[in-house]
Amino acid sequence: MVDDPLLAALDADIRPEVGAAFLDIIARYLAGTARGEGPVTTPLSAEDLVARFDQPLPDQEQPLATVLERLERDVLPHVTRLTHPMYMGHQVSAPLPAAIWIESLISAINNSTAVQEMAPPVTVIEHQLVRWLSSLVGWSDQSGGTLTSGGTEATFTALLAARAAAMPEAWEQGVGADPPVVVYGETAHYAVPRAVAQLGLGLRHGIAIPSREHRMDLDALTATLARLATEGKRIMAVVATAGSTPTGSFDDLDAIGRLCEERGIWLHVDGAHGATALFSDAHRHRVAGIHRARSLAWDPHKTMLLPLSAGMVLVRNGADLDQAFLQRAPYLFHAGGARRVWDLGPRSFQCSRRGDALKLWFALQRYGARSVGALYDRLCETAQALHRELAAHPDFEPLHHPESNILCFRYRGLESAGEASQDRVHFELRQRYNRSGAGWITMTVLGGRRVLRVTIMNPRTRLEHLQQLLAGLEHEARGLAASGLPLPPSGAGA
Ligand SMILES: Cc1ncc(COP(=O)(O)O)c(C=O)c1O
């Protein structure tokens with residue numbers, strides 16, 4: 001090692017024993033949480049945590065052992081334990097172990113996949129992943145895509161490509177006073193209307209179609225497309241959802257795809273959550289017709305159980321992505337002439353790009369496509385088991401049949417508090433349950449009412465954990481009743 005005091009700490013930290021210290025902490029965390037040890041989340045409030053981390057900028061180096069100790073004392077005990085089987089919260093995964101371990105290697109090499117010459121194998125691997133996933137969709141080798149930071153960026157990128165197809169002049173000229181509209185389901189993720197606004201179309205050029213049974217109402221969609229045609233309004237894209245955020249429901253992609261084909265409309269499918277059904281023999285039918293899309297958002301960091309971040313945008317015709325981003329950057333992107341250009345930066349929102357392709361590729365090598373499908377099946381089966389438990393329980397009511405791994409339900413045991421208090425009851429129940437550390441769930445609004453929502457993102461969550469969830473909620477409901485019902489109707493914060 002060099003005799004340079006400035007580099008001494010860096011040199012010290014590349015020793016294998018330092019890596020081993022990190023591995024030890026991570027392995028203990030993973031094993032403990034897998035066994036269901038410890039609370040799922042911290043009892044500390046944001047303010048308590050702010051106080052804990054309120055310190056001056058560290059001026060001097062500290063021994064690694066001291067900083068690791070701090071990590072183990074102040075950070076790890078208070079994280080949300082997604083690898084705990086009682087975590088059933090947002091759509092963020094209990095990550096696949098091999099993909100966890102390779103994260104440090106991705107950081108160690110730190111190859112940026114903007115240009116192939118900076119990340120020789122990793123860029124090529126990303127192209128291979130795009131080919132694999134596109135072929136599952138049923139697309140030819142004309143297709144293309146890139147990894148993204150997630151579904152939000154994927155949908156934004158896809159709609160940018162749709163804008164380039166509808167308005168090639170927009171990159172230079174802007175969208176003008178009469179831009180086209182984008183049509184999407186009322187339960188579309190906020191990424192969709194946000195993209196409409198970000199693309200300069202203006203939110204009023206986003207048209208939300210009502211749902212029937214939690215999916216886009218086809219009659220309403222057909223009528224809207226007809227009305228827009230009569231009004232002479234241009235349609236930039238229709239966005240369908242495969243695995244909706246509130247209920248994990250799938251729009252009828254085949255029917256919507258046909259409608260779009262007949263009218264020459266760009267169909268974007270937001271499959272951030274549910275496109276993984278393509279890996280599953282049991283669930284592939286949910287995305288029948290997905291090949292009719294022009295673009296697809298698909299998040300391996302959701303139901304493929306990759307650690308954050310790993311999103312993907314795919315397009316049926318790769319050239320559509322080149323049209324989406326028309327910037328020139330001679331210091332970075334070198335036109336290929338007759339040579340094929342493998343760089344991914346020109347097709348991506350990002351400039352410096354993490355080599356996340358490596359973790360998806362590594363996980364697929366390690367576990368294989370069959371396991372990805374089997375894990376997806378298991379998450380969905382667990383949601384179905386929860387549906388059965390809820391339906392058999394006098395105090396709970398499942399609100400829909402789970403089409404994937406998401407399920408919404410109501411607690412009925414405090415209905416004596418009155419209908420007007422039920423939003424508040426559900427808010428309080430979830431709050432108390434999550435704070436208890438016994439488990440972690442989410443809530444949403446269905447049909448104007450606040451409801452409880454579970455997303456099974458951990459294959460270790462089994463029947464016994466579902467039963468613990470219901471027992472835990474009942475326990476909190478008893479506490480809530482004891483603390484003084486009737487509750488005020490929902491107000492601010494509920
Ligand atoms: C259907 C759907 N689309 C898009 C997103 C956004 O994905 P990300 O958080 O990866 O940007 C989500 C997130 O939950 C989602 O459920």
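A crossing of two helices is left-handed if the near helix is turned anticlockwise from the far one by less than a right angle, and right-handed if clockwise. The structure is a predicted model, in which local features need pLDDT of at least 70, side-chain atom pairs count only at pLDDT 80 or more, and totals for chains, interfaces and linings use all residues. Residues are numbered from 1 along each chain as its sequence is written. Helices (H or I, at least four residues) and strands (E, at least two) are DSSP runs, numbered from the N terminus.

**Exercise 1.** Describe how helix H14 passes helix H15, and state which residues meet.

*Solution.* 
Step 1. Two packed helices are described by the angle between their axes and the distance between the axes. Axes are lines fitted to C-alpha atoms, for helices over the stretch in contact, and angles run from 0 to 180 degrees between N-to-C directions.
Step 2. The axes of H14 (residues 422-436) and H15 (residues 463-482) cross at roughly 115° and come within 9 Å. The crossing is right-handed.
Step 3. Residues are in contact if their C-beta atoms, placed from the backbone, lie within 7 Å. On the H14 side, Glu-428, Leu-429, Arg-432, Tyr-433 and Ser-436 take part; they meet Gly-472, Leu-473, Glu-476, Ala-477, Gly-479 and Leu-480 of H15.

**Exercise 2.** Determine how H10 and H11 are oriented to each other.

*Solution.* 
Step 1. H10 (residues 218-230) has 13 residues and reaches 18 Å from its first C-alpha to its last. This is close to the expected 18 Å, the expected span being 1.5 Å times one less than the number of residues.
Step 2. H10 packs with H11 (residues 253-263) at an angle of about 10°, the axes lying 11 Å apart.
Step 3. The two helices H10 and H11 are therefore roughly parallel to each other, a term for angles under 35 degrees.
Step 4. Leu-218, Leu-221, Thr-222 and Leu-225 of H10 meet Ala-255, Ile-256, Leu-259 and Arg-263 of H11.

Terms used
Contact = placed C-beta atoms within 7 Å. Parallel < 35°, antiparallel > 145°, perpendicular 65-115°, else oblique.
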